[in-house]
Amino acid sequence: MLLAIDTSAGTSVAVVDFTRGVIAERGEADTMRHAEIVGPFILECLREADIAPAALSGVVGGMGPGPFTGLRVGIASARVFALGAGKPLVPVISHDAIAYGHYRRGHSGPLVVVTDARRREIYWSAYSQADAVGLPVRVGSPGLAKPAELDDPAWLHALWPRIDAATVAAGDLGLVAELSFAHHRPFAANVPLYLRSPDVTLSNGPKRVSR
Amino acid sequence: MVTNRTDPLVLGIETSCDETGIGIVRGTTLLSNTIASSMDEHARYGGVVPEIAARAHLDELVPAINAAIAEAGIRLHDLDAIAVTCGPGLSGALMVGVGAAKALAVALDKPIYAVNHLVGHVGADLLHHSIHTSRTETSDAAPLEYPTIALLVSGGHTSLLLVRDLVSDVELLGETIDDAAGEAFDKVARLLSLPYPGGPQIDRVAADGNPKAIRFPRGLSQPKDMAAHRYDFSFSGLKTSVARFVEQRQDAGEPVPTADVAASFREAVVDILLTKALAACADYGVPRLLLGGGVIANQRLRHIATERTDAAGIALRIPPLSLCTDNGAMIAALGAQLIMAGREPSTLEFGADSTLPVDQIQV
Ligand SMILES: [Zn+2]
């Protein structure tokens, strides 16, 4: 069994198992309460699944892409939970969970996953299909764009079906990890996908105060 | 829920500004004070950039926890509780620590104490420094006496507190109404073309200067300020005054007397900080003053504080500098005090509160 945590959009926590699927899941779409609810969600999922941290096989962390402040809460929680429980951290790209969920519910063929990056920008990933075991095949890596760029007919994936997701389900995130592990697929890097530099401007020295 | 209330083993997590602090204490005994600072990454911007600080916390947390438990010689499962700073501070930075602390508490099935950063600075003084004690630092093992006035000065805060009891009665007497004192040092350092952080640079340059060369203003010290702002601080007027002085020299084609400006500026900051702190001691009849915060590293501040408190018959306490700057040990120390006082843990629902009032010692 795996504990999965994602805060790349709202907050979602789940306990999943390869054979039993999603055993417990909690979600909240509010993007302002990650730090408040992540702890209670973890506790509730573990209790509902009736599993002790020591009995888990790993902790799945959604690496984004996602707006920084919220994204960090989930990654910090996943990394430190893994440390505390003495279990490996399994990093998964959050968009892969959205795509996986969509394919699982019957979609087939190309798919573009889009999430809100704030400041009138969006995060996107492109998938060609689900493979034989059901894992989404990402062919366009997570990117940051202005909405108009994706509407441009010249864009590589412009004509592909598009899903705009407001939430990421930790259950799907966990199942992507289970399938990847079972079929010896590589996991993502343990690095947050901010896809944006911190906004800071180098000043040109102190401003003059006297007239 | 807490099994050991006499000598609890507590891990403290502090991420309110640019230091990722992990501390481990057993009761009042310090076992580890591990600090990873992102200060160097902020240097080119001349001040703390919140997003850079928050990213660094996420990168440093796990290595810092590992380093702390190794130094303390404990296993995470030995802990009696987790303590974490939930405010005040930079909200994005605080959230990293809050999320991590909750996850650790649930993973270990340990109680969690969400505590106030400013009160943590006072709690630092309670630690017996079994490690990290150098001969030059005061290592006063005598217990902190109450009530005490506490002056907490850093790049993020400048506050004057009346502490009647660490775990139950802390009152805010005054705080800065604009810049923190540490920010004023950084800004004036930039005016003088000195690097970040400004405090040590101003201290270095001021060593050759005359503190009485230029009379810079003391903020909120006029009789008219005494009603509403008796214990409040203001440093923006002082910074403007220094800027104006420097510009006048430059406009006249004269060299800027950097050493004198640095010494006189530092004198103005130190003077107003201690004048107000000692006024609070006198007004409340409290013969004890505790200093905390990163600016306490300033040698002139410590020197004048010693002189003036000696003259006034006030007992001065300055924790070792490694416990004055932001750190996790002070958070663990405050957590341990709450446990020893019989307090119940925080519930898991608390959030990060960037403006947490000082009288909320535990959330
Ligand atoms: Zn501080």
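Let's start with one residue: Glu267(B) sits in helix α8 of chain B. Keep in mind as you explore that this is a predicted model.

Is Glu267(B) buried or exposed? Glu267(B) is buried, because its relative accessible area is 15% and buried means under 20%.

## Its neighbours

Which residues does Glu267(B) touch, leaving aside those up to four places away in sequence? They are Pro211(B), Arg218(B), Arg300(B) and Ile304(B). With one of these, Arg300(B), the side chain of Glu267(B) makes a polar contact of 2.9 Å.

## The helix and the sheet

Now zoom out to the helix that holds Glu267(B). Helix α8 of chain B spans residues 258–284. This helix lies across four strands of chain B, namely β6, β7 (158–165), β8 and β9. Relative to β6(B), helix α8 of chain B runs at about 160 degrees.

Those strands belong to an open sheet of 5 strands in chain B, and you can trace its order as β8-β7-β6-β9-β10, with mixed pairing. At the edges are β8 (169–175) and β10 (315–317) of chain B, each of which pairs on one side only. From one strand to the next, the twist averages 25 degrees.

## A closer look at one pair

Strands of a sheet are paired through backbone hydrogen bonds, in a parallel or antiparallel way. How do β6 and β9 of chain B run? Strand β6 (residues 148–153) and strand β9 (residues 288–292) of chain B run parallel, joined by 4 bridges. To find an example in the structure, look for Ala150(B): its bridge partner in β9(B) is Leu290(B).

Technical notes
Residues are numbered from 1 along each chain as its sequence is written. Chains are lettered from A and ligands numbered from 1 in the order in which they are written. This is a predicted model: local features need pLDDT of at least 70, side-chain atom pairs count only at pLDDT 80 or more; totals for chains, interfaces and linings use all residues. Side-chain values use heavy atoms; hydrogens and water are left out. Two strands pair if DSSP finds at least two bridges between them. Helices (H or I, at least four residues) and strands (E, at least two) are DSSP runs, numbered from the N terminus. Axes are lines fitted to C-alpha atoms, for helices over the stretch in contact, and angles run from 0 to 180 degrees between N-to-C directions. Contact means heavy atoms within 4.5 Å. Buried means under 20% relative accessible area, exposed over 50%, partly exposed in between (1.4 Å probe, protein chains only). A polar contact is a pair of N or O atoms within 3.5 Å; within protein, one must be able to donate a hydrogen and the other to accept it, and residues adjacent in sequence count only if both atoms are side-chain atoms.
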